Structure formats: C-alpha cells, structure tokens
Amino acid sequence: MTASAGATFKSASDLPPAAYGHLGDLLLWLADNKRLLGLRYSDWILGAPTVEAGIACSAMAQDEWGHARIVYAMLKDFGHDPSALERGRAAGEYRSSELLDGDVSSWQDLLALNFLWDTALSVHFEALGGNRFEPINYKARKLLTEERFHFGHGQGWSARFLGADRGRKALADAFEAAWNACLCCFGPDGDPLVSTLAEHGILRCGQAAARARWLERVGPVAAEIGLARQEGSEWVSVSEPSWDGWDPVRRRLAAGGPDADSLARARGDRNRTLLMD
Amino acid sequence: MTRNGHGGPGRGERGGLGDEQVYEVFARKKRADRFQHIGAVFAPSRQLARVYAWHTYDEAKWFEMTVAPRNAFASVNLSHAPFTLGRADGSPERR
C-alpha cells in the first residue's frame, strides 16, 4: 500500500493539480467500461442458457448502467459535460476495453467478461473505496455490494464449465483471449496515472498490488486452465503482460472502439429525438 | 427488472441442463419479520442459487434472503414433494 495519510479531499476542486486530471481519466475509463459491459450483459438477457441466467444478465446489465451513470455524473466536477460524454462521442473517444467493442459470440466469452473483466473493474473501485477523495467512497461501497453477485455468477458458471472436459476447453479458450487485456488494465510499471493517484492516497494501492488483488480473486479458477498458479500465498499469472499496442490515454491495447451498433446503443441514439435539454 | 412470479419453477418443468435442482427462496424485509417463502429458482449449485435468487426476487429491499435445496425439505403430511408444486418425479399432482 502506498496511500499516504492526510486530509481528505471533499471535492474535485480540492485535489492537487497533478491528481485532478488523472482521476478524471480513471473515472472516464471506468464509466465507459461499465457502460459497454452493461451492453454486453444485455445481449444475453434472451438466449442465456437458462431463464435464471438471463434474469441475472438483465440485473447485471442494469447494475452496470447504473454504475456508469453515477460515474459519468461525477465527471462534471472534472471539467466534462456528462451529457456530451454519454451521448456525443465518436467510437475512437471511448476508453472502454477492446474486449467490449462488439458482440460476444458465446456464453463462455461472456463469462470471461463477467468473471475476469468485471472483477478487474471492481478491483479498481476497491482501490478507490475508502480513499482520500470523499465523493467516491460511498458510491464505491454501494457499487461493490452489487458486484459481489456479479462475481458469484462468474465464479459459479466457471465452476460448472470446469466440471466437464469440453466445457473446460471452451472456458480456457475464452479466458485466454481476455487474459492479457485484464493483466494490462492495471497499468504498466511506473504508470503515471496509477503512481500519481497512489502517491496522493486517491488509489489505495499501486498497479502491482491491484493486479495481485485481481489474481487473488480469479486465480483459483484461472489456475484450473493453466493461466495462473499459486506461489506461496500469492496467485501469479503464468504469462507476463504484453504491452503491444498499449494506449496509455485510453488504457486499452487496440485502436478503434465500440462498433457502430454498440456505439449507437451506448449513446442512446434511438432516443435522441426525446432529449429535451 | 425481469422477475419470476411467486412460486417459481417446479421440478420436471424444464429439461436440458441436468445438473440443476430447485432451490426454495425465503426472505424477510426486517429483522423482526418472519421468513416468507417467496419463490424458487433452478440452479446447478448453491452459489448460483444465491445469485439467481437475489436477482430474480428483487422486488423488495430484503434485510435477509436465504435459499435451500427443495430436496432438503421433508414433507410431514403429504406423500409427494413439498410446497405442492408437483410430485418429485414430475408426474401430475394428485388432488
């Protein structure tokens, strides 16, 4: 932990200038990822393997959009117009992961997003919760309460796939495809965003500790398919992060952005004529 | 939010995923309340039963919710499945 003791920041205007921009960038990254992850959950409300799983996807989609809305609203204090952020950007301006750019073609690919990516986002919120920037503390706690059930869903379904040889192979392929993006989302060594926010006590830990926390959560399942292993009390990734294509501003590994359909849904284009203000 | 009606699924209503079983869902709104049976979910594990119950029966801000596999309940006065949702073998319930 690198959090420093000291007074709390009651609003964005209290933040040190070096931290202000970085926190705004991190919140925008989180909001965009929540918005697009919600879309991906919503794609499976109908067509999930069971009615209950479809209901869970509906609830998780609603949760993610609620979380995104809360974080977009916070960005007003960081010099953004939340309405323009939600409805007025091109695909290339989104900070969401390349994992979320288009349709998820299989249930196991959705589980990779559910168990690996959603958990990575939660680890970021855990690092923000109880920090020195007061406006996000309560919101992070509330959000993480809901995320417990998202994790339980991903873990429960992963266990089910691991119970059969064919399922294990399918899960391994899906998790492997998402694994590197998850490793990288915590940032490279010396990442200025994470370092600056940790230095000011706004993130409670640095990138290595956050990645370790994520591995602690997903490691027991990932180890079953050869992506992680336990060393002493710690879980480690078998592979090192590959930073090819890393964009330090958008915090993703590929150019481009959400595809046309995803972008239209994320922005609410069909409802544009209903906007009164 | 999509919700199932009270009562939920009965055994034998759906095929396919054979490792699933019915979990009965109970909840109470306040600590002082008694638990009420609010429905049921199909799930392959206790962990997913918890998730499904929480997401399916979200019509109230529950103080406490719990799930139990239907086959954990022993009928006292009936010879067939409890909660009168059907016989254990899926055949029609006798009146």
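These legends accompany several close-up views of a predicted model.

**View 1. Chain B at a glance, with one helix and three strands.**
Let us start with the overall layout of chain B. Reading from the N terminus, its elements follow the order β-β-α-β. Of the 95 residues in chain B, 27% are buried. Among the contacts in chain B with a separation of 6 or more, 54% are between residues 24 or more positions apart.

**View 2. The open sheet of chain B, three strands in the order E2-E1-E3.**
The pairing in this sheet is antiparallel. Strand E2 (36–43) and strand E3 (64–69) of chain B are at the edges with a single partner strand each, so each has one side without a neighbour in the sheet. From one strand to the next, the twist averages 30°.

**View 3. The pairings of strand E1 (residues 21–28) of chain B, with E3(B) joined to it by six bridges.**
E1(B) and E3(B) run antiparallel, and here you can find Arg28(B) opposite Glu64(B) in E3(B). Turning to E2(B), seven bridges join this strand to E1(B), again in an antiparallel arrangement. Look for Phe26(B), which stands opposite His37(B) in E2(B). E2(B) is mostly covered, with six of its eight residues buried.

**View 4. Helix H1 (residues 46–56) of chain B, lying across E1, E2 and E3 of chain B.**
The helix runs at about 125° to E2(B). H1(B) is mostly covered, as nine of its 11 residues are buried. The buried residues include Leu48(B), Val51(B), Tyr52(B) and Trp54(B), and Arg50(B) and His55(B) are also among them. What do the buried residues of H1(B) pack against? Their partners are H2 and helix H5 (137–162) of chain A, together with E1, E2 and E3 of chain B.

**View 5. Where the two chains meet, with 17 residues of chain B in contact with 15 residues of chain A.**
On the side of chain B that touches chain A, E2 and H1 of chain B each supply at least two residues. H1(B) gives the most to that side, with eight residues. Sorted by class, the side of chain B that touches chain A has 10 nonpolar, five polar and two charged residues.

**View 6. The crossing of helix H4 (residues 107–128) and helix H6 (residues 165–184) of chain A.**
The two axes come within 8 Å and cross at roughly 35°. H4(A) passes H6(A) in a right-handed crossing. Residues from H4(A) that take part include Leu111(A), Leu113(A), Leu116(A) and Trp117(A); from H6(A), they include Leu171(A), Ala174(A), Phe175(A) and Cys182(A). How do the residues of the contact of H4(A) with H6(A) divide into nonpolar, polar and charged? There are 13 nonpolar residues, one polar and one charged.

**View 7. Helix H1 (residues 17–42) of chain A, from end to end.**
Is H1(A) largely enclosed by the rest of the structure or largely open? Because 20 of its 26 residues are buried, H1(A) is largely enclosed by the rest of the structure.

**View 8. His80(A), in the loop between helix H2 (51–74) and helix H3 (82–87) of chain A.**
His80(A) has 17 other C-beta atoms within 10 Å and is therefore partly exposed, since a residue needs 20 or more to be buried and 12 or fewer to be exposed. Leaving aside residues up to four places away in sequence, His80(A) touches Leu75(A) and Leu85(A). For orientation, Asn131(A) is 51 residues from His80(A) in sequence and 22 Å from it in space, C-alpha to C-alpha.

**View 9. Arg251(A), in the loop between strand E2 (234–237) and helix H9 (260–267) of chain A.**
The backbone deserves a look here: Arg251(A) is not a glycine, yet has a positive phi of about 55°. In general, most residues other than glycine have a negative phi. Is Arg251(A) buried or exposed? Arg251(A) counts as buried because 23 C-beta neighbours lie inside 10 Å.

Methods: Residues are numbered from 1 along each chain as its sequence is written. Chains are lettered from A and ligands numbered from 1 in the order in which they are written. This is a predicted model: local features need pLDDT of at least 70, side-chain atom pairs count only at pLDDT 80 or more; totals for chains, interfaces and linings use all residues. Helices (H or I, at least four residues) and strands (E, at least two) are DSSP runs, numbered from the N terminus. Two residues are in contact if their C-beta atoms, placed from the backbone, lie within 7 Å. Two strands pair if DSSP finds at least two bridges between them. Axes are lines fitted to C-alpha atoms, for helices over the stretch in contact, and angles run from 0 to 180 degrees between N-to-C directions. Ala, Val, Leu, Ile, Met, Phe, Trp, Tyr, Cys and Pro count as nonpolar, Asp, Glu, Lys and Arg as charged, and the others, Gly among them, as polar. A crossing is left-handed if the near helix is turned anticlockwise from the far one by less than a right angle, and right-handed if clockwise. The expected span of a helix is 1.5 Å times one less than its number of residues.
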